[in-house]
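Subject: Structure handover and findings

Dear colleague,

I am passing on the structure we spoke of, and below it you will find my notes on what came out of the analysis. Please read them with the model open beside you.

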Amino acid sequence: MVFGFRLRCHLGRIVLRRDRNLDCNICPSCGSTHFDNYHQPNNLKSLINLTYYDHQLNRLVKNHSLIEPVHKLKNHFLLLGRCATSLHMKLSALSLVVPDYESGLAFYKDVMGFDVTEDIDQGRKRWIKLTPQGGGASFILARADNEAQKQAIGAQGGGRVWLFLESSDFEQDHRRLKSAGVHFEEAPRQEPYGTVAVFRDPFGNRWDLIQYAEQPQ
């Protein structure tokens, strides 16, 4: 093993040869070239490692150790850097199935107080995006247009809590939502991770209103 890592290609071929052939597999996550010691989940040092491994890659080229074009390998490696760190991806929105747009807006906008950040008439449907005032992921109101979609209303989480609304002032937000008529299934409770109470929207979706506990420094 040279420099403590093995280099693999996106086609499953050996691309690093020094004293012996090294086994070669395709990355199950991204299907791209990767270094064994580099491609690790939640590797927060990835950007630092990019510089380190790029330096080592150049050394291999000078020593005639590579049997693939270096620009091709670098392209695959940089693709992997994005895959491993997920710096270029975020969850921006999800679809929430509702019976119709009006009832969805009546609750999520008028009762919950979410902002309508987009409302575009697309002819046969509307693109309505709502975002909590505190930010975070948005959701798209998706009108149920057939029987299968109607069956999914309130059942997208399979009966589980699947929407998590984070609060920085639990007591104030809990009091405001209760006074607005939001149905809470339980009294607020303290958990190791914070203060939480489950509520159900008019369509059957179960939510956590949660204020996370401060983590020790």
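In these notes a residue counts as buried when its relative accessible area is under 20%, as exposed when that area is over 50%, and as partly exposed in between. Please also keep in mind throughout that this is a predicted model.

Overall fold

The protein chain contains five helices and nine strands, and from the N terminus on these elements follow the order α-α-β-α-β-β-β-α-β-α-β-β-β-β. Of its 217 residues, 37% count as buried. Among contacts between residues at least 6 apart in sequence, 53% join residues that are at least 24 apart.

Salt bridges

Side chains of opposite charge can pair when their charged atoms come close. The structure holds ten salt bridges, and I describe a few of them here. One of them links Glu102 to Arg126, with the closest N and O atoms 3.9 Å apart. Because Glu102 lies in helix H3 (residues 101-108) and Arg126 in strand S3 (residues 126-131), this pair ties together parts that are 24 residues apart in sequence. Arg126 has a relative accessible area of 23%, a value that falls between the 20% and 50% limits, so Arg126 is partly exposed.

Arg189 takes part in a salt bridge with Glu186, where the closest N and O atoms are 2.9 Å apart, and also in one with Glu191, where the corresponding separation is 2.8 Å. Elsewhere, salt bridges that share partners join Glu102, Asp119 and Arg126 into one network.

Nonpolar core

The largest nonpolar core has 23 residues, and those with the most contacts inside it are Tyr108, Met112, Leu141 and Trp207. The elements that give two or more residues to this core are strand S1 (93-98), H3, S3, S4, S5, H5, strand S8 (194-200) and S9, and among them H3 gives the most, with four residues. When residues up to four places away in sequence are not counted, Met112 touches Phe107, Leu165, Arg176, Leu177, Val182 and Phe199.

Largest pocket

Rolling a probe the size of a water molecule over the atoms shows where empty space is left. The largest pocket has a volume of about 590 Å³. Its lining is made up of 26 residues, and of these Phe114, Pro132, Gly135, Leu165 and Glu166 lie nearest the centre of the pocket. By class, the lining has 14 nonpolar, eight polar and four charged residues.

Which elements each supply at least two residues of this lining? They are strand S4 (138-143), strand S5 (161-166), helix H5 (170-179) and strand S9 (206-212), and the largest share, five residues, comes from S5.

With best wishes

Key: Residues numbered from 1 in each chain as written. Predicted model: local features only at pLDDT ≥ 70, side-chain atom pairs only at ≥ 80, totals over all residues. Heavy atoms only, no water. 1 Å grid on protein atoms, 1.4 Å probe; cavity = no way out; pocket = protein on both sides within 12 Å on 5 of 7 lines; lining within 4 Å. Points joined across faces, edges and corners; volume = space filled by probe spheres on them. Nonpolar A, V, L, I, M, F, W, Y, C, P; charged D, E, K, R; others polar. Salt bridge = Lys/Arg side-chain N within 4 Å of Asp/Glu carboxyl O. Buried < 20%, exposed > 50% of the residue type's maximum accessible area, 1.4 Å probe, protein only. Core = buried A, V, L, I, M, F, W, Y, C linked by side-chain atoms within 4.5 Å. Contact = heavy atoms within 4.5 Å.
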